[in-house]
Every structure is written in C-alpha cells, then in structure tokens.
Amino acid sequence: MIRGIRPLLRGSTYAGVLFAYCGALASLPLLPFALLPALSWRSASESVQIVLVLLVWAVLVGVVGLARPVRRALVVSARRLLRVPLPNPVAGRRPSRSLGLDRWRTPLWLVLHVAVGWTGALASGVLFIMGLSLPGNWLGAEARASLFGTSVRVSGGWSWVVAAVCILLAVAICVLVTKALRWAAPRLLGPSAAERLALAAEREQLLAERNRIAHELHDSIGHTLTAATIQAAVAGEALSADPATARAAMRSIEESTRAALEDLDYVLGVLREEQSGTAPTRTLADLPELLDRLRHAGAVVEPELSGDLAQVQGTLSRAAYRILLEGLTNALRHGAGGPIVARVAAGPGGLDLTVVNRTGVRTGPGAFPTSGHGLPGLAERVRLLHGEFQAGPDGTQHWRLAVRLPARVSA
C-alpha cells in the first residue's frame, strides 16, 4: 500500500496528472463541432451516435496536432511537467515525404493524450467520490456487490474498506496515467528520423568547426607563445651585452604577437557567431618571415628550398605553411640546440616537407613541457589532405618530420 501511494507524493506525478487532465480539458472546445454529425443523423441508434461523436472528436483533435507550433508547445509542456528529456523540434525542417509517417506522430500523441486524460479523469474522479461518500453514507451512497445474480449490500465497517480500496484505485490510476504518458512521449514527441539526421549533421558540423578552431589556436597561438617566450629569454640575456640583438628579439615578439592577435580575433568571432571577417591565411610566401622569427628566438635554421614554390597556391600552400609552422615550433620547443633543417621540395607529383632537428633535453629559458596534441593534430590534418605523414627518430640524435602532400588538394 505504501509503495502504491509513494509515487503520488512525488511532484512529477502531480505534474503528470495535471498535464493529462489539462489536455483533456483543452479538447472541450472541439466537442460542439463533433456533435454536429450526430445531430444531423437522428435516425441512428444512440450507440452509433456516440461512436460517431468520438470518432469525429478524435479526428478534430488530430488535425490540431498537425500544426507545428502545437508540437513545439507539447514538447515544452511534456518536458516540464512529465520530466521527459525531449529536445526542441528542429526549426525550419519539414518531414520528408519518404518519412510521411513521422508527421502523424504528433496527432497520434494528441489523441492519446486526450483519451488518457479523459479516461483517467473520469475513472479517478468517480473512485474518489465513492471513497469519500461511502463511509458516512453521504449523498445517499450505498455499496453493493453482485455475483451470479446475488446482490449483497456493503455496510458498517466494510464500507470503510471499500472506500479505502476506491481511494487506492484512484491513486493507482493517477500513477498509471502519468507513466503511460511518460512512456509514450519520447516515442511520439521525440525527434523523428529526419530530425535525428538533422541533429546529427548539426553536431558533426559543430565538432568539425571546434576541431578546426582547435587547430587554428594550436598552430598560431601555440607557435607565437613558444617563440615569444624564447625570444623574451634571449632579449633578457642579451640586453646588456648585445642591445642590438635584444632589440631585434623584441621587434620579433611584437610582430609575432600582432599576427597572433589577428588569428585570435577571428577565432573569437567564430565562437561568438559574429561577423569575424576573412580568416587570416598564411601561405608559403610567408615562410621567410616565419624563419626570421625563429632566428630571432636563437634558433639556427637551414632552409633547403627546391622547385617552383611560387606555383604552389591555394589550400596546398596554406596547409604546407601550417605543417611547417607546427614542425618548426616543435623543433624549437623540444629540440636540444643545433641547426634545424627545413626542406621544401615542390614537384609535379606533390609537395615534400621535411623538418630535422637534434633531440635531447632542453634546459634553461627554452625548456617547457609538451601538451601531446601537436603531432596527432598534424597527422590528422595530413590525413584529411590525403597525404603521407611520418614522424620519429632519425638516427640516435635527430628527430625527423616528413610529410608529402599530393599536388591536387581540394579547397
């Protein structure tokens, strides 16, 4: 008995019963229109007229459910009162003709909602009235039990037992009404097949955009912070002994941080869904500036350029710059001094990029930990461009990064 009453004490059950009964009451304005066919067919029997009224009433209720605002209102109310996790309908998307059954899910829910609401309201209402009136014989109430033609009048203490059973049955009906609607809501008000596809596409697009932004931040901001940190250390050490070198390092910090601020403004505009303008694009034409920044940070860079790099344009040139930026930044951050070799070879079949540096444990101003995101992100970028990626030890004292990009890379 206690287990049967306990669910009613929960606020969600009260709200679910209220949701069911409000749905039943909301259908009352359609009842006069449902009575018109029965009134025009007076020759039919009473049972036929009742069935006709119920059918027309159900059709009218279902037609109301075809309106998209009605579905949105039902989803919001079911989410708040039934406590069912339902996502909002996808705005601006109409059900596909191939999935025509989906458009009838909301009318079916509305008909079920009204039917369950009226059934629960009438049944629980009658049982509550019986439970309250039987013990005191209010309203002339009398209970009789009939079996095989034999009728027995229930009186005295048995009337209290019957009243308690009626109250418990009314409580059970309220709980069942809430459970029935809560079970049906995800199946009829939840996302349709077309909406699930749209939600999956939106989520995929969002994840791709986040991944691209993460690449932008890692490539640009990460490189700038690495170079600026080392350049600041170099400027601090050379400030008294070699002021010219210190000033050059400070100018390099200013230039690199200004470029990074442009990238950061663009990324923040994308995150805020604002008009962020054109994305900063750097190509192989900006490679000399990148090498100068590395030299100002104290690195010894030995570029080896071959082929007609001026013919490398578009996505291929931008991707090559980003790959070299990541490779040279890793060499500057994790290398152990010595020259850094950067090879760029352009040929008819594609573009070969190679960065080789000494390995070891860097100490002093250039020592800082690794995040572990650089090489996996770089490998993913190369894979999306249908290229070849290799990274690993080259002998006992060197690390080698080798990337080959095909000549045709889609923009």
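## Nonpolar cores

A nonpolar core is a set of buried Ala, Val, Leu, Ile, Met, Phe, Trp, Tyr and Cys residues joined through side-chain atoms within 4.5 Å. In this predicted model, the largest such core has 33 residues. Leu328, Leu351, Leu353 and Leu405 have the most contacts inside this core. Two or more residues come from each of helix H10 (287-296), helix H11 (314-334), strand E4 (339-347), strand E5 (350-358), helix H12 (374-384) and strand E7 (398-406). Helix H11 gives the most, with ten residues.

Leaving aside residues up to four places away in sequence, Leu353 touches Ala320, Ile323, Leu324, Arg343, Val344, Leu401, Ala402, Val403 and Leu405.

## Packing of H3 and H4

Helix H3 (residues 31-40) packs with helix H4 (residues 46-64) at an angle of about 140°, and their axes are 8 Å apart. Angles over 145 degrees count as roughly antiparallel and 65 to 115 as roughly perpendicular; H3 and H4 are therefore oblique to each other. The crossing of H3 past H4 is right-handed.

On the H3 side, the contact is made by Leu31, Phe33, Ala34, Leu35, Pro37 and Ala38. H4 contributes Gln49, Leu52, Val53, Val56, Trp57 and Leu60. Sorted by class, this contact has eleven nonpolar residues, one polar residue and no charged residues.

Technical notes
Residues are numbered from 1 along each chain as its sequence is written. This is a predicted model: local features need pLDDT of at least 70, side-chain atom pairs count only at pLDDT 80 or more; totals for chains, interfaces and linings use all residues. Side-chain values use heavy atoms; hydrogens and water are left out. Axes are lines fitted to C-alpha atoms, for helices over the stretch in contact, and angles run from 0 to 180 degrees between N-to-C directions. Helices (H or I, at least four residues) and strands (E, at least two) are DSSP runs, numbered from the N terminus. Angles under 35 degrees count as roughly parallel, over 145 as roughly antiparallel, 65 to 115 as roughly perpendicular and the rest as oblique. A crossing is left-handed if the near helix is turned anticlockwise from the far one by less than a right angle, and right-handed if clockwise. Contact means heavy atoms within 4.5 Å. Ala, Val, Leu, Ile, Met, Phe, Trp, Tyr, Cys and Pro count as nonpolar, Asp, Glu, Lys and Arg as charged, and the others, Gly among them, as polar. Buried means under 20% relative accessible area, exposed over 50%, partly exposed in between (1.4 Å probe, protein chains only).
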